[in-house]
Amino acid sequence: MRFRTLEFTGSTLRLLDQTKLPRTEQFLDCTTVSDVFHAIRSLVVRGAPAIGVAAGYAMVLAAQGADCRSRAGILAALNQAGDYLKSCRPTAVNLAWAIDRMIAVANNSTANNCGELVTLLETEARAIEAEDRTMCEKIGANGEPLIPDGATILTHCNAGALATAGIGTALAVIYAAQAHGKKIRVYADETRPLWQGARLTAWELQQEGIEVTVLCDNAAGSLFAAGKIDAVIVGADRITKNGDVANKIGTYNVAVLAEKHGVPFYVAAPQSTIDQQLISGEQIPIEMRAPEEVIKPGGVIIAAEGTRVYNPAFDVTPNALITAIITDEGLWHGGRWDGRT
Ligand code: MRU
């Protein structure tokens with residue numbers, strides 16, 4: 001990709017500030033756990049896999065800032081940082097997954113001094129990032145055969161390179177199809193209230209030379225009715241053992257439309273997005289966000305004073321509406337999902 005979503009220098013987590021895209025390509029440097037917490041919370045870095053990778057590096061920063069006098073002190077600081085970071089966005093399971101993995105490395109090590117422990121943690125965080133990159137490539141390769149040459153694909157939100165350390169999940173499939181010489185056209189839902197589709201997906205696809213058209217979320221039905229969509233591909237924030245999928249609010253609407261019009265609906269996600277603890281979608285915690293995102297977009301008030309707002313960040317698409325889940329380990333089919341094999 002022409003851009004780097006995140007980069008760790010050893011003492012600083014440098015994030016491409018996604019709240020500023022596409023107007024400016026600006027970076028935010030995080031040197032503390034609190035910096036990373038606020039960057040995730042405010043969507044400077046976003047998308048389930050990228051959040052997980054960022055959290056891994058935040059745990060390195062936690063260890064670097066810990067009281068080094070005892071091993072117990074460092075472990076306590078890591079646990080505290082982990083709880084704090086987990087609380088910033090509850091739906092994407094990659095966040096807790098990465099933090100738990102970092103804490104397990106610290107717990108399982110015999111390292112007694114700070115320097116040794118920090119090195120171990122940095123190695124683990126870099127491994128999480130590298131694995132994410134590999135998973136994206138594999139998702140692309142596994143999904144590519146599903147996409148015919150000349151296909152028009154609808155996507156929702158941003159599940160591209162900006163949402164991962166690699167080439168993305170849903171968009172990885174599109175990039176892989178393009179790399180195979182297929183001509184692909186993309187419709188990107190604008191994705192209210194924060195416009196990840198209009199601001200991020202359109203920007204990212206344009207960088208890669210893929211034809212993209214942005215539409216208001218509520219225009220999707222008319223596209224399906226006109227027979228203009230060959231497939232839908234979206235990402236996921238959490239997948240439960242039965243194959244239910246939490247993703248950006250509005251994903252469920254698209255899935256219902258796809259079923260109504262006989263269009264395949266694919267979800268692309270890495271293993272780190274599968275929650276082996278949860279049986280089905282109603283158990284997934286859904287993040288509720290500030291009313292201002294809906295009624296004060298860009299700082300401009302668009303609803304009467306005192307208007308009540310419903311602003312969930314995610315919804316759940318039941319497995320029965322999903323044609324297949326494209327993972328780095330292969331394809332699973334909606335309605336017959338029983339977790340990792
Ligand atoms: O609120 P966001 O922008 O973090 O939501 C992101 C999504 O819903 C993505 O589709 C999902 O995280 C998958 S990213 C590969």
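Let me start with strands 8 and 9, which in this predicted model run antiparallel and are joined by two bridges, with strand 9 covering residues 245-248. One of the pairs to look at is Ile239, whose bridge partner in strand 9 is Val245. On the sheet packs helix 9, residues 251-260, which touches strand 9 and strand 11, and the direction of helix 9 makes about 30° with that of strand 11.

The sheet itself is an open one of three strands, in the order 8-9-11, with antiparallel pairing. Strand 8 (238-239) and strand 11 (314-317) each have a single partner strand and stand at the edges, so one side of each is left without a neighbour in the sheet.

Now to the sheet that holds strand 1. Here again we have an open sheet of three strands, ordered 1-2-3 and paired antiparallel. The edges are taken by strand 1 (6-8) and strand 3 (27-30), and because each of these has a single partner strand, one side of each is left without a neighbour in the sheet. From one strand to the next, the twist averages 15°. Strand 2, residues 13-16, runs antiparallel to strand 3 and is joined to it by four bridges, and within this pairing Leu13 stands opposite Cys30 of strand 3. Helix 2, residues 48-64, packs on this sheet and touches strand 1, strand 2 and strand 3, while its direction makes about 20° with that of strand 1.

Finally, the chain as a whole. Its secondary structure comes to ten helices and 13 strands. The radius of gyration is 20 Å, close to the 20 Å that the globule rule gives for 341 residues, so the chain is as compact as a globular protein of that length. Taken along the principal axes, the C-alpha atoms fill a box of roughly 65 × 50 × 40 Å. Of the 341 residues, 56% are buried, and among contacts between residues at least 6 apart in sequence, 75% join residues at least 24 apart.

How values were computed: Residues numbered from 1 in each chain as written. Predicted model: local features only at pLDDT ≥ 70, side-chain atom pairs only at ≥ 80, totals over all residues. Heavy atoms only, no water. Pairing = 2+ DSSP bridges. Contact = heavy atoms within 4.5 Å. Axes fitted to C-alpha atoms, helices over the stretch in contact; angles between N-to-C directions. Rg over C-alpha atoms; globule rule 2.2 N^0.38 Å. Buried < 20%, exposed > 50% of the residue type's maximum accessible area, 1.4 Å probe, protein only.
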